[in-house]
Amino acid sequence: MFGFIIFIHEFGHFFVAKACGIKVNEFAIGMGPTLFHFQKGETRYALRLLPIGGFCAMEGEDEESDDDRAFNRKPVWKRALVVVMGAIMNVVLGLILMMIILGQQPYFASTTVSRFATGEDGAAVPTQESGLQVGDEIISVNGYAVMCDRDLSFALMTDKDFTVDMTVRRNGETVELPQVRFGTQTAEDGTVSMVLDFYVLPIEKNFGTMITQSFNYTVSTVRMVWASLIGLLTGQYGLNDMAGPVGVAQAIGQAASTGLEVNFAAAVNNILMIMVIFTVNLGVVNLLPIPALDGGKLVFLLIEGIRRKPINPKYEGWISAAGFALVIGLMLVVTFSDVLRLFTGQGLGG
């Protein structure tokens, strides 16, 4: 799975580089020692030992070159297109996988309240008592814009006190609902979780709604990645909420096992959903303005475009090396946390 997602990412760089007339010296999946390779034309294609990355090595990418087809001799806009296309391909892959998942569903869920669960002795449930009504279309929760039911689930899932501020569309008008309360339930291990006490209207499945929902769900995943990154920076999430390769592999195994309790198709769909999250994550994180990532390279190109001359390769190399060390250091810390969770038996988030 890692190899396939990385292949799609690197193929984005490779395809656009070739289309822009840039010489590609090597296209590799994996890192470290070479297991297998072959030469076709000017490009060496290789499979390497460690399935934790890959690269598309272009002439003049990290050094000066006088070759007319070198990366450093192409216009800034072409180089920028090559840099961002890896992330774009990751998001496109997420969209295609999401279409496969949603194509199996009989209908889709909206964000419009259709009815409430029945309270004890027919009493109103907490959200109903807080002012939510049948027919309300939920458009934001705690300021987080809700464009599909996946956004609604994420916004409610990340709430900590089981009371949210909602904005709904009611009879064509925007209505603010402060302090909408949810009931709670306590699991055997003492974990307290929110009880969703209302249902939403279904959306009829057809070709148009499937395309729309697939797009909305993919955009929703991108937004969730951004929101999670912001949560890490602001302290909302900690190290125990992060996962590296070991943690992701563990999550895949758990998702497959859970799905197999239903049937084989459910297990496959669970794995596909994790692939959607992982490939979108890879695309978004790669565009962060961190040296050694695609986003860092894009920043250098933007600066070059503004200055009309490139940054001194020596300084760019130092900055990239520092960024690479930072990324590797973070990977080691997160992987150590993954392994620790394996021995303690804890899942993500404790």
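## A cluster of rings

Phe7, Phe11, Phe14, Phe15, Phe27, Phe36, Phe38 and Tyr45 are joined into a cluster by ring pairs. Here, rings of Phe, Tyr and Trp (its six-membered ring) pair if their centres lie within 6.5 Å; planes under 30 degrees apart are called stacked, over 60 edge-to-face, and the rest tilted. That rule gives a count of twelve aromatic pairs.

This is a predicted model, so local features need pLDDT of at least 70 and side-chain atom pairs count only at pLDDT 80 or more, while totals for chains, interfaces and linings use all residues. Residues are numbered from 1 along each chain as its sequence is written, and side-chain values use heavy atoms, leaving out hydrogens and water.

## Two pairs worth a look

Take Phe7 and Phe11: this pair is stacked, with 5.9 Å centre to centre and 25° between the planes. The two sit four residues apart in helix α1 (residues 2–19), so about one helical turn separates them. (Helices are DSSP runs of H or I with at least four residues, strands are runs of E with at least two, and both are numbered from the N terminus.) Phe7 is partly exposed at 34% relative accessibility, and Phe11 is partly exposed at 31%. For these labels, buried means under 20% relative accessible area, exposed over 50%, and partly exposed in between, using a 1.4 Å probe and protein chains only.

Phe182 and Phe198 make a tilted pair, because their ring centres are 6.3 Å apart and their planes meet at 50°. Phe182 is in the loop between β7 (173–181) and β8 (183–186) while Phe198 is in strand β10 (residues 198–204), so the pair ties together parts that are 16 residues apart in sequence. Both of these residues, Phe182 and Phe198, are buried.

## Patches on the surface

Met31, Leu35, Phe36, Phe38, Leu47, Leu49, Leu50 and Ile52 make a nonpolar surface patch of about 740 Å². Patch residues have over 30% relative accessible area and no salt bridge, with like charges joined within 9 Å and nonpolar side chains (Val, Leu, Ile, Met, Phe, Trp, Tyr) within 5 Å. A salt bridge puts a side-chain nitrogen of Lys or Arg within 4 Å of a carboxyl oxygen of Asp or Glu. Leu47, in strand β2, is partly exposed at 41%.

There's also a patch of negative charge on the surface, where Asp62, Glu63, Glu64 and Asp66 gather. Glu64 sits in the loop between β2 (43–58) and α2 (76–102), and with a relative accessible area of 59%, Glu64 is exposed.

Note on methods
Areas by Shrake-Rupley, 256 points an atom, 1.4 Å probe, with all protein chains shown as cover. Lys, Arg positive; Asp, Glu negative; His and termini not counted. Charge placed at Lys NZ, Arg CZ, Asp CG, Glu CD.
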